[in-house]
Amino acid sequence: PRRDRIPDPRELPLVDAIAITHGDNDHLNPHALARFDRHTPIILPACAEPRPYQVDLVAAVRFLGFTDVRELSDWQETMVGDVRVTALPFHGEDWGLELPKCTYVVSGPHGAVYLSADSAGMPELWPELRARFALDVAFMGVSGCAEPLVAPPRFGYGEFYALWLPHAR
């Protein structure tokens, strides 16, 4: 594919499942999801007690026509073929509100990956993560509005947050 255009999910090989970490539009994007087969399992954080300000994650993906929707609370797991997806805590991105969110460990016969999305650092989680999983790779998000400090111009949300950061930082 050409590097000067947005990738199209239809060009990917068949996707076994989609894991959604939280309801922000860069993680639950209806336009992107609409390009996937509606029988693709959707894994998302469970919502114990819905609040009026929350995005109804289940309703959103069901509205798009997805039929295999799996809600997970922290430390719950589901299987997709021979791959286990385990939900873990997610801190941040909630602006003081109770929002459904989780990070994931995806583990199978060829290894294990931790996916933290936009979660803030959670050093209290690391010992439990290390005890339960033999991770091969951890994809750690940049959180706490730190993108402008580490990302080049026009990359991700770097310039978006730069407007609100003090110049001295």
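View 1. Tyr114 is buried, at 0% relative accessibility; buried here means under 20% relative accessible area, exposed means over 50%, and partly exposed is what falls in between, worked out with a 1.4 Å probe on protein chains only. Bear in mind that this is a predicted model, in which local features need pLDDT of at least 70 and side-chain atom pairs count only at pLDDT 80 or more, while totals for chains, interfaces and linings use all residues. Residues are numbered from 1 along each chain as its sequence is written, and side-chain values use heavy atoms, with hydrogens and water left out. A search of the whole structure turns up 1 aromatic pair. Its ring centres, in Tyr114 and Trp126, sit 6.3 Å apart with the planes at 75°, so the pair is edge-to-face. For the cut-offs, rings of Phe, Tyr and Trp (its six-membered ring) pair if their centres lie within 6.5 Å; planes under 30 degrees apart are stacked, over 60 edge-to-face, and the rest tilted. The pair links distant parts of the chain, 12 residues apart: Tyr114 comes from strand β7 (residues 111-115) and Trp126 from helix α3 (residues 126-132). Helices (H or I, at least four residues) and strands (E, at least two) are DSSP runs, numbered from the N terminus.

**View 2. Around Leu88.** Leu88 belongs to strand β5 (residues 83-88) and is buried, with 0% relative accessibility. What does Leu88 touch, not counting residues up to four places away in sequence? The list is Asp74, Trp75, Cys102, Thr103, Val105, Tyr114, Leu125, Leu129 and Phe133, where contact means heavy atoms within 4.5 Å. So Tyr114 from the aromatic pair turns up here too. Leu88 and Leu115 are 27 residues apart along the chain, and their C-alpha atoms are separated by 9.5 Å.

**View 3. A three-stranded parallel sheet.** Here 3 strands make an open sheet in the order β1-β2-β3, with parallel pairing. The edges are β1 (18-19) and β3 (69-72), each pairing on one side only. Two strands pair if DSSP finds at least two bridges between them. β1 meets β2 (residues 42-45) over 2 bridges in the parallel sense, while β2 and β3 pair, also parallel, over 4 bridges. Looking at individual residues, Ile18 has Ile42 in β2 as its bridge partner, and Ala19 stands opposite Ile43 in β2. On the β3 side, Leu44 is bridged to Glu71.

**View 4. The largest nonpolar core.** This core has 13 residues, and those with the most contacts inside it are Ile20, Leu33, Ile42, Leu44, Val61 and Phe66. A nonpolar core is a set of buried Ala, Val, Leu, Ile, Met, Phe, Trp, Tyr and Cys residues joined through side-chain atoms within 4.5 Å. β2 and α2 (57-63) each supply at least two of its residues, and α2 gives the most, with 3. Zoom in on Ile42: leaving out residues up to four places away in sequence, Ile42 touches Ile18, Ile20, Leu33, Val61, Phe66, Asp68, Val69 and Arg70.

**View 5. Thr78 and Arg70.** Thr78 is found in strand β4 (residues 77-80) and is buried, with a relative accessible area of 14%. The side chains of Thr78 and Arg70 make a polar contact of 3.0 Å. A polar contact is a pair of N or O atoms within 3.5 Å; within protein, one must be able to donate a hydrogen and the other to accept it, and residues adjacent in sequence count only if both atoms are side-chain atoms. Setting aside neighbours within four places in sequence, Thr78 is in contact with Ile43, Arg70, Leu72, Val83, Arg84 and Val85.

**View 6. His22 in its loop.** His22 lies in the loop between β1 and α1 (30-33). Is His22 buried or exposed? His22 is buried, at a relative accessible area of 3%. Its side chain makes polar contacts with those of Thr21, at 2.7 Å, and Asp24, at 3.3 Å. Beyond four places in sequence, the contacts of His22 are with His27, Leu28, Leu57, Phe90, Glu93, Pro100, Lys101 and Asp118.

**View 7. Two cysteines, Cys47 and Cys102.** Cys47 is partly exposed at 26% relative accessibility, whereas Cys102 is buried at 1%. A search of the whole structure finds 0 disulfides, a disulfide being a pair of cysteine sulfur atoms within 2.5 Å.
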